[in-house]
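Subject: Structure handover

Hello,

Here is the structure you are taking over. Please open it next to this email and find each residue as you read.

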Amino acid sequence: MNYWLTNARLEQGYYYENNTVVATKTGLYHLRIEDGKIQEIMAASEPLVTNLPQHDAKNCLMLPSFRDMHIHLDKTYYGGAWKAPSIPTKGIITRIEEEQELLPRLLPVAQQRAEKLLDLLLSAGTTHIRSHVNIDPTIGLKNLEATLRAVDNYKNKTFVEIVAFPQHGLLRSDSVALVREAMKNGAALVGGVDPATMDGDVERSLQTVMDIAVEANADIDLHIHDGGHLGIYTFKRLAALTEEAGWQGRVTISHALALADIPLAEASEVAEILAQQRISIASSVPLGQTIPIPMLKEKGVEVFLGDDSIVDHWSPFGKGDSLEKASTLAERFRLSDERSLGQTLGYITGGITPLNADGQRIWPSVGDVANFVLVKASCSAEAVARRSKRAAVVYQGDFVVREEW
């Protein structure tokens, strides 16, 4: 799909007063999109002579499309009848016991529900998704197969990477062989959950995950909910194994809740260890136990945001809106000035922001892949703070969501 996107609002820099950012400078531009990339950018004030089709952005702000880096497409009530979760009487074990009955019952609609959830994420501007998919003796690879079918139907609309996730414990449920099989049948990352409390053996659990990842030449994304110094010990052992395997830049810790349980000075020391091994963190920004995300970023730890559960037996909440997650993060840590709000966008775009911290435009540029969202806002800061309405979503140059303009 080759065309000119006309009258798109792009950020140009900051306005300063007394060396303080007070507003974001923007302008209107035309962008030529060809072969899925941005091939030309010109000021809207210049005459446009072209035989290509034109799509008027109507002054909407153009932002990098969003990423949801932690979600579960395979087990959701979304798209079906409303159902609130039960009260967990045995913590995470309650949910696992429920899944042994629930997952087979949901399997006939798993693909359909996953596609409904993909539609929801797309409508909010997300075109890059990391989904954890249950791999366990109860469901085998059937949830993976259903999710892969859904992903294949959406391959021209969004990029989805799947984590082989032994929800019931890699060792506890004897799922090692199943995870290995999943890595040969469409899963892209090796998952795991709480090596201490779920598997009962931090060392063997982590080593097994690393062995599978090295065998498959795959990245790792581990759920680690374990709190306090038990969780911190697990992080340190994972960092050591990452160094031994040469797996720097290929490991993510999801949740990392232990960082919220220890003093900030100690958390800062742990962040330095994670940064050295380029271990990233995926957070859903839980209101009750929020890890120190700005400090992690300052220490050089890459932090992603994700929705986690969307209306399922774990949680009745979730809107599938990454921009809302960024806004929650900004509100939680009082990132309320113009510059900080705009830079918060980077947590949901893979680090891409229209302006760098010094106010220089770094996106979009000629040659960039045309993955973007048009938002009814004056600038990134407003979009984050007000969770502004999405008008259109473009993936590799094609409109995948668009209002009737």
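This is a predicted model: local features need pLDDT of at least 70, side-chain atom pairs count only at pLDDT 80 or more; totals for chains, interfaces and linings use all residues.

Helix packing

Two packed helices are described by the angle between their axes and the distance between the axes. Start with helix H6 (residues 228-245) and helix H7 (residues 264-276), whose axes come within 10 Å and cross at roughly 20°. An angle under 35 degrees counts as roughly parallel, so H6 is roughly parallel to H7. The crossing of H6 with H7 is left-handed. On the H6 side, the contact is made by His-229, Ile-232, Phe-235, Lys-236 and Ala-239. H7 contributes Glu-266, Val-270, Ile-273 and Leu-274. Sorted by class, the residues of this contact between H6 and H7 are six nonpolar, one polar and two charged.

The other pair is helix H4 (residues 176-183) with helix H5 (residues 202-216), where the axes are 10 Å apart and the angle is about 25°. H4 and H5 are therefore also roughly parallel to each other. Here H4 passes H5 in a right-handed crossing. Val-176, Val-179, Arg-180 and Met-183 of H4 meet Thr-208, Asp-211, Ile-212, Glu-215 and Ala-216 of H5. The contact of H4 with H5 has five nonpolar, one polar and three charged residues.

Aromatic pairs

How many aromatic pairs does a search of the whole structure find? It finds two. A pair of aromatic rings is described by the distance of the centres and the angle of the planes. For Tyr-3 and Phe-399, the ring centres are 5.5 Å apart and the planes stand at 40°, so this pair is tilted. Tyr-3 is in strand S1 (residues 3-17) and Phe-399 is in strand S16 (residues 398-402), so the pair links parts of the chain that are 396 residues apart. Both Tyr-3 and Phe-399 are buried.

Tyr-14 and Tyr-16 make up an edge-to-face pair, with 6.5 Å from centre to centre and 85° between the planes. Tyr-14 is buried, at a relative accessible area of 9%, whereas Tyr-16 is partly exposed, at 41%.

Arg-172 lies in the loop between strand S8 (159-165) and H4. Is Arg-172 buried or partly exposed? With 46% relative accessibility, Arg-172 counts as partly exposed. Leaving out residues up to four places away in sequence, Arg-172 touches Ile-93, Ile-96, Met-198 and Asp-199. From Arg-172 to Val-375 the separation is 203 residues in sequence and 46 Å in space, C-alpha to C-alpha.

Asp-174 is found in the loop between S8 and H4 as well. Asp-174 is exposed, with a relative accessible area of 63%.

Most residues other than glycine have a negative phi, and most peptide bonds are trans. Asp-174 has a positive phi, near 55°, and is not a glycine. Val-311, also not a glycine, has a positive phi of about 45°. Val-311 sits in the loop between strand S13 (303-305) and helix H9 (322-332), and at 14% relative accessibility Val-311 counts as buried.

Which peptide bond is cis? The bond from Trp-363 to Pro-364 is, with omega near -5°. Pro-364 is placed in the loop between helix H10 (338-344) and strand S14 (372-375).

Regards

Key. Residues are numbered from 1 along each chain as its sequence is written. Side-chain values use heavy atoms; hydrogens and water are left out. Axes are lines fitted to C-alpha atoms, for helices over the stretch in contact, and angles run from 0 to 180 degrees between N-to-C directions. Helices (H or I, at least four residues) and strands (E, at least two) are DSSP runs, numbered from the N terminus. Angles under 35 degrees count as roughly parallel, over 145 as roughly antiparallel, 65 to 115 as roughly perpendicular and the rest as oblique. A crossing is left-handed if the near helix is turned anticlockwise from the far one by less than a right angle, and right-handed if clockwise. Contact means heavy atoms within 4.5 Å. Ala, Val, Leu, Ile, Met, Phe, Trp, Tyr, Cys and Pro count as nonpolar, Asp, Glu, Lys and Arg as charged, and the others, Gly among them, as polar. Rings of Phe, Tyr and Trp (its six-membered ring) pair if their centres lie within 6.5 Å; planes under 30 degrees apart count as stacked, over 60 as edge-to-face and the rest as tilted. Buried means under 20% relative accessible area, exposed over 50%, partly exposed in between (1.4 Å probe, protein chains only).
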